[in-house]
Amino acid sequence: MALLDAMSDIFGMERPWNKVKDGMTDAQIREFYRFIADLWPINTNPQITMPPPDDSTLRALYLGENEPEMMLENVFRFCLYADQILLVNPFDNPNVMAEQFNPIHHPGEWKLQTIRLVYHLMLLTPWIEAGLVVLIPDPGDFNRQLRVKTWDLAAARLRGWRPSDEDLDQSAAMQRARKTMLLYPRSYMERMTREANPGISDEVVRKVLEQMEDERANDPLLPNDTIDRMPGQFEAGRLGANLEMGMYICQATGAFPYTNVKFRWKEILGARQDLDATAQVWSPLTNAFQQLKFKFMDKVDSKFACSIRREGRLESFRSFMRRLWNTVGGEPDASKSEVFARDFRDELTQAFSNAKADWDAIDRELLKWAVPTLGGAMATGAFSLALPVAGFAVAGVGEIIQAEMKRREFRRKVPMSVFIDLERR
């Protein structure tokens, strides 16, 4: 909340967004990151940086692309299915950055990144104020031993791994790289256009360049300028945390991980601890989830989405998920788990029916907002649930947690994870 207040004061957020981004100065960027550095010094007590486990709150940690243009798709729409979403801070802490890359020392090189960050926080503001989204610092900012340990564990686990072409092509980072073409100087773009289209007329070239300039001017995440008039720009892409740090945070906060990134889902599934026949105990319920088509908000205003959540929509389904979470988080034996799996499978039918009634009400609200004019306000997709009896665990993280047990409370295991896979149209 302090950061949001400082952001508003420093950048004059009461103005239209295009005035904020086009008027952003080096002095403002430096002041903003100085505030972040003062807010989170490296001697901060790590115990105050993460909320403790709370069985009354269905808390989810997002382990996907933590980018402003992905907030609605990846975070806001899932808030209807959880009580609270945890996000690892999308901003960098200058206290743990070398001077060569530090925004306090080189604010001009951080303009693109800061525009994205401030826009990101602006979208999150109503959700943070409502307590539906909680930003937490990376615990490694205050515990370098923890950071290096999780880095080393991840490096060993991923030795020889390479992202697939599909992973790269669908990533927000790749889409952002394509957008940076809009920042190229007009003379360069004219030359590239003519080389790619021999014989193209001057009139068509002019229209292409004007269209690109209009697109740049109207893009909320780009300055209305060209890169030949700016210093080299620093940009960062984020997935919240690596799997090791993500599991640490989940056990420290009593959260379950969820994602919509396929390779991250494969990582999470690889951390299942079931090595025998008990692995299929919860299959009646997980298979039942797979058969259903869930609705998610799509192409709607952030404030509208937040208002829907604050009205308590889908509370019946969240209550179902909350009871499931607390049940699988206990220590039921295999025979009881089989009974629970069948009971929750049967209850899912009613919970889903209640959710459909809420979605019908949301549809009516959307009509009042004229949202259909935006090209469709709803998306459907799979809500994949993983419930390994022994929970999820990553090699080496248990030892880290065991060493810190005296300093804070940890949940015994991470018993559930969710993958959101939308139908692409």
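Which residues in H11 meet which residues in H17? The first legend answers this, and the others visit further close-ups of the model. This is a predicted model, in which local features need pLDDT of at least 70, side-chain atom pairs count only at pLDDT 80 or more, and totals for chains, interfaces and linings use all residues. Residues are numbered from 1 along each chain as its sequence is written, and side-chain values use heavy atoms, with hydrogens and water left out.

**View 1. Helix H11 meets helix H17.**
Glu244, Tyr248 and Gln251 in H11 are in contact with Val397, Ile400, Ile401 and Glu404 in H17, where contact means heavy atoms within 4.5 Å. By class, these residues divide into 4 nonpolar, 1 polar and 2 charged; here Ala, Val, Leu, Ile, Met, Phe, Trp, Tyr, Cys and Pro count as nonpolar, Asp, Glu, Lys and Arg as charged, and the others, Gly among them, as polar. Helices (H or I, at least four residues) and strands (E, at least two) are DSSP runs, numbered from the N terminus. Two packed helices are described by the angle between their axes and the distance between the axes. The axes of H11 (residues 243–253) and H17 (residues 397–404) come within 10 Å and cross at roughly 40°, which makes H11 oblique to H17. Axes are lines fitted to C-alpha atoms, for helices over the stretch in contact, and angles run from 0 to 180 degrees between N-to-C directions. Angles under 35 degrees count as roughly parallel, over 145 as roughly antiparallel, 65 to 115 as roughly perpendicular and the rest as oblique. The crossing of H11 and H17 is right-handed, that is, the near helix is turned clockwise from the far one by less than a right angle.

**View 2. Helix H12 and its buried residues.**
Phe263, Arg264, Trp265, Glu267 and Ile268 are the buried residues of helix H12 (residues 262–269). Buried means under 20% relative accessible area, exposed over 50%, and partly exposed in between (1.4 Å probe, protein chains only). The buried residues of H12 pack against helix H6 (144–157), helix H7 (165–169) and H11, and also against strands S4 (255–259), S6 (378–386) and S7 (417–422).

Side chains of opposite charge can pair when their charged atoms come close. A salt bridge is a side-chain nitrogen of Lys or Arg within 4 Å of a carboxyl oxygen of Asp or Glu, and the whole structure holds 22 salt bridges. Asp202 is exposed, at 57% relative accessibility, while Arg194 is partly exposed at 29%. Glu203 and Arg206 are 3 residues apart in helix H10 (residues 202–218), so about one helical turn separates them. Glu203 is partly exposed at 39% relative accessibility, and Arg206 is partly exposed at 32%.

**View 3. Arg313 in the loop between H14 and H15.**
Arg313 sits in the loop that links helix H14 (302–310) to H15. A salt bridge joins the side chains of Arg313 and Glu311 (3.4 Å, N to O). How accessible are the two partners, Arg313 and Glu311? Arg313 is buried at 19% relative accessible area, whereas Glu311 is partly exposed at 47%. Leaving aside residues up to four places away in sequence, Arg313 touches Leu80, Ile308, Arg318, Asp358, Ala361, Ile362 and Glu365. One of these, Leu80, is 233 residues from Arg313 in sequence, yet their C-alpha atoms are 7.0 Å apart.

**View 4. Leu314 and its positive phi.**
Most residues other than glycine have a negative phi, and most peptide bonds are trans. Leu314 is not a glycine, yet has a positive phi of about 65°. Leu314 also lies in the loop between H14 and H15 and is buried, at 0% relative accessibility.

**View 5. Arg322 in helix H15.**
Arg322 belongs to helix H15 (residues 315–328) and is buried, with a relative accessible area of 16%. Not counting residues up to four places away in sequence, Arg322 touches Asp55, Ser56, Leu58, Asp83 and Glu315.
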